[in-house]
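This report describes a single protein chain, from selected local features to overall dimensions. Please read it alongside the sequence and the structure shown here.

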Amino acid sequence: MRRTVQGIVLREINYKEADKILTVLTREEGKLTLKARGCRRKNSRLLASSQLLVYSELAITQRGEFITLAEGDPLTQFRRLGEDIDKLALASYFAEVTEKTVQEGEVCPDILSLLLNCLYALDTLDKPLEQVKAVFQLRLLTLTGLAPLLDTCVVCGNPQPEEPRLHLLQGVLHCAACRTQVGDGVSMPLSPAALAAARYIVAGEAKKLFSFSLTPEACKQLDQVTEAFLMTQQERGFRTLDYYKQLRRQSFS
């Protein structure tokens with residue numbers, strides 16, 4: 001059976017002499033594993049659409065459980081990411097997190113849209129990398145049902161907590177003075193500006209997720225808290241994140 005989907009390559013594995021095994025997040029059918037025969041040959045009509053982070057219209061065929069990429073028409077290639085190694089590393093982190101988060105066959109158009117919007121922000125918008133990263137991390141958790149409760153202090157109910165903290169395991173906001181009543185685990189501080197931004201990311205319109213500005217200090221704090229929250233909730237680290245951090249340390253050394 002032949003059908004057409006739109007999707008982005010999250011992972012690629014070289015196979016045999018000229019083939020690849022692709023993990024693709026599609027809008028219509030969720031995450032799929034595809035075999036792209038001959039796509040590594042220079043004259044292959046699948047060459048562009050089988051590259052990591054390329055969003056394409058894909059014609060696929062299926063026989064039993066095996067799905068094969070028959071044709072590909074690239075729609076967005078985010079070419080400028082390849083000109084900046086830090087941005088490319090961060091984009092690869094987004095792809096790995098998405099690939100590990102979404103289950104095979106799970107239809108999740110909102111997650112696909114988030115990934116595409118964040119790649120577009122890296123490729124086109126003049127936004128700090130920490131801001132784009134924080135948006136991706138926190139909004140992804142929101143879309144998967146793991147949004148933190150940020151409206152009030154979970155203990156005293158204060159909508160503007162005194163010295164606010166986010167409890168990474170429980171995903172709740174609390175005042176510094178209420179810490180002992182929240183339970184075991186790590187809590188990280190959020191400045192008022194970082195807290196306001198986090199609330200915006202959780203509840204804001206999908207098309208306006210980058211319509212806020214922060215000082216470099218608040219942006220860095222928001223990035224660190226959302227990263228720690230993501231890894232705590234998913235109970236894992238990410239190889240691409242380690243590489244991205246290594247590059248950033250070298251950039252500032």
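## The hairpin of E1 and E2

E1 and E2 form a hairpin with three residues between them, and in that turn lysine 16 has a positive phi of about 55°. The model is a predicted one. Strand E1 covers residues 2-15 and pairs with E2 in the antiparallel sense over eight bridges. Within this pairing, isoleucine 13 has isoleucine 21 of E2 as its bridge partner.

Strand E2 (residues 19-26) is mostly covered, with seven of its eight residues buried.

## From E2 to E3

A hairpin of three residues also joins E2 to E3. Strand E3 spans residues 30-36, and its pairing with E2 is antiparallel over seven bridges. One of the bridges links threonine 26 to glycine 30 in E3.

## Two buried residues

Leucine 10 belongs to strand E1. Is leucine 10 buried or exposed? Its relative accessible area is 5%, and the cut-off for buried is under 20%, so leucine 10 counts as buried. Leaving out residues up to four places away in sequence, leucine 10 touches Thr23, Val24, Leu25, Leu52, Ala95, Thr98, Glu99 and Leu115. The C-alpha atom of leucine 10 is separated by 15 Å from that of leucine 81, which lies 71 residues away along the chain.

Glutamine 137 is part of helix H3, which runs over residues 129-143. Because its relative accessibility is 0%, glutamine 137 counts as buried. Which residues is glutamine 137 in contact with, leaving aside its neighbours within four places in sequence? They are Tyr93, Asp223, Thr226, Glu227 and Leu230.

## Positive phi in two loops

Most residues other than glycine have a negative phi. Phenylalanine 78 is not a glycine, yet it has a positive phi of about 50°. This residue is found in the loop between strand E5 (66-76) and helix H1 (85-101). With a relative accessible area of 9%, phenylalanine 78 is buried.

Glutamate 235, also a residue other than glycine, has a positive phi near 55°. Its place is the loop between helix H5 (216-234) and helix H6 (239-252). Is glutamate 235 buried or exposed? The relative accessible area of glutamate 235 is 73%, so this residue is exposed.

## The chain as a whole

The secondary structure of the protein chain comes to six helices and eight strands. From the N terminus on, the order of elements is β-β-β-β-β-α-α-α-β-β-β-α-α-α. The radius of gyration is 20 Å, close to the 18 Å that the globule rule gives for 253 residues, so the protein chain is as compact as a globular protein of that length. The C-alpha trace spans about 65 × 40 × 30 Å along its principal axes.

Among contacts with a separation of 6 or more, 59% are between residues 24 or more positions apart. Of the 253 residues, 47% count as buried.

## Surface and charge

The protein chain exposes about 12900 Å², and carbon and sulfur atoms supply 49% of this area. How many positive and negative side chains does the protein chain have? There are 32 positive and 30 negative side chains. The centres of the two sets lie 5 Å apart.

Methods. Residues numbered from 1 in each chain as written. Predicted model: local features only at pLDDT ≥ 70, side-chain atom pairs only at ≥ 80, totals over all residues. Heavy atoms only, no water. Helix = DSSP H or I, 4+ residues; strand = E, 2+ residues; numbered from the N terminus. Rg over C-alpha atoms; globule rule 2.2 N^0.38 Å. Buried < 20%, exposed > 50% of the residue type's maximum accessible area, 1.4 Å probe, protein only. Contact = heavy atoms within 4.5 Å. Areas by Shrake-Rupley, 256 points an atom, 1.4 Å probe, with all protein chains shown as cover. Lys, Arg positive; Asp, Glu negative; His and termini not counted. Charge placed at Lys NZ, Arg CZ, Asp CG, Glu CD. Pairing = 2+ DSSP bridges.
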